[in-house]
Amino acid sequence: MAPPAGLATRLQLAMSVPLLLRSDLPDPRVFVQSTLGDRAPKIVRLAAKAAESRAEGIGLVLDSPAFQRL
C-alpha cells in the first residue's frame, strides 16, 4: 500500500498532466464513457460529472481503480 503522501502525489499528477499535454480537454463524462464504457463504476461516473473542472474530472477518471485495471 502506498503512503498517503504518495497517493496525494499520484492524484495531483493525474489532475495536472492531462492539461499539460492537451489544452482542449474533453468533457470528463465523455472521457469516462470512451475509456471505460460499461465497465465504469457509478462512483467514477459521478466523480467525472461532479468535478469542478475538466482537468479534475479527467484526473479522477485516470486515478480511479477501474482505469488502473485497464
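Which residue forms a salt bridge with Asp27? The views below take up this pair and other sites.

**View 1. Asp27 and Arg29 form a salt bridge.** The partner of Asp27 is Arg29, with the closest N and O atoms 2.6 Å apart. A salt bridge here is a side-chain nitrogen of Lys or Arg within 4 Å of a carboxyl oxygen of Asp or Glu. The model is predicted: local features need pLDDT of at least 70, side-chain atom pairs count only at pLDDT 80 or more, and totals for chains, interfaces and linings use all residues. Residues are numbered from 1 along each chain as its sequence is written, and side-chain values use heavy atoms, leaving out hydrogens and water. Asp27 counts as buried at 19% relative accessibility. Arg29 is partly exposed, at 47% relative accessible area. Buried means under 20% relative accessible area, exposed means over 50%, and partly exposed lies in between (1.4 Å probe, protein chains only).

**View 2. A salt bridge joins Asp63 and Arg10.** The N to O distance is 2.7 Å. Asp63 lies in helix H4 (residues 54–63) and Arg10 in helix H1, so the pair ties together parts that are 53 residues apart in sequence. Helices are DSSP runs (H or I, at least four residues), numbered from the N terminus. Asp63 is buried, with a relative accessible area of 15%. Arg10 is partly exposed, at 39%.

**View 3. Arg22 pairs with Asp24 in a salt bridge.** Their closest N and O atoms are 3.1 Å apart. Arg22 is partly exposed, with a relative accessible area of 44%. The count of salt bridges comes to 3.

**View 4. The largest nonpolar core has 9 residues.** They are Phe31, Val32, Leu36, Ala40, Val44, Ala48, Ile58, Val61 and Ala66. Helix H2 (28–36), helix H3 (42–50) and H4 each supply at least two residues of this core. H2 gives the largest share, 3 residues. A nonpolar core is a set of buried Ala, Val, Leu, Ile, Met, Phe, Trp, Tyr and Cys residues joined through side-chain atoms within 4.5 Å.

**View 5. Ala48 touches Pro28, Arg29, Val32 and Val61.** Residues up to four places away in sequence are not counted. Contact means heavy atoms within 4.5 Å.

**View 6. Leu13, Val17, Leu20 and Leu21 make a nonpolar surface patch.** The patch covers about 440 Å². Patch residues have over 30% relative accessible area and no salt bridge; like charges are joined within 9 Å, nonpolar side chains (Val, Leu, Ile, Met, Phe, Trp, Tyr) within 5 Å. Accessible areas come from the Shrake-Rupley method with a 1.4 Å probe; for residues, only the protein chains shown count as cover. Leu13 sits in helix H1 (residues 4–21). Leu13 is partly exposed, at 47% relative accessible area.
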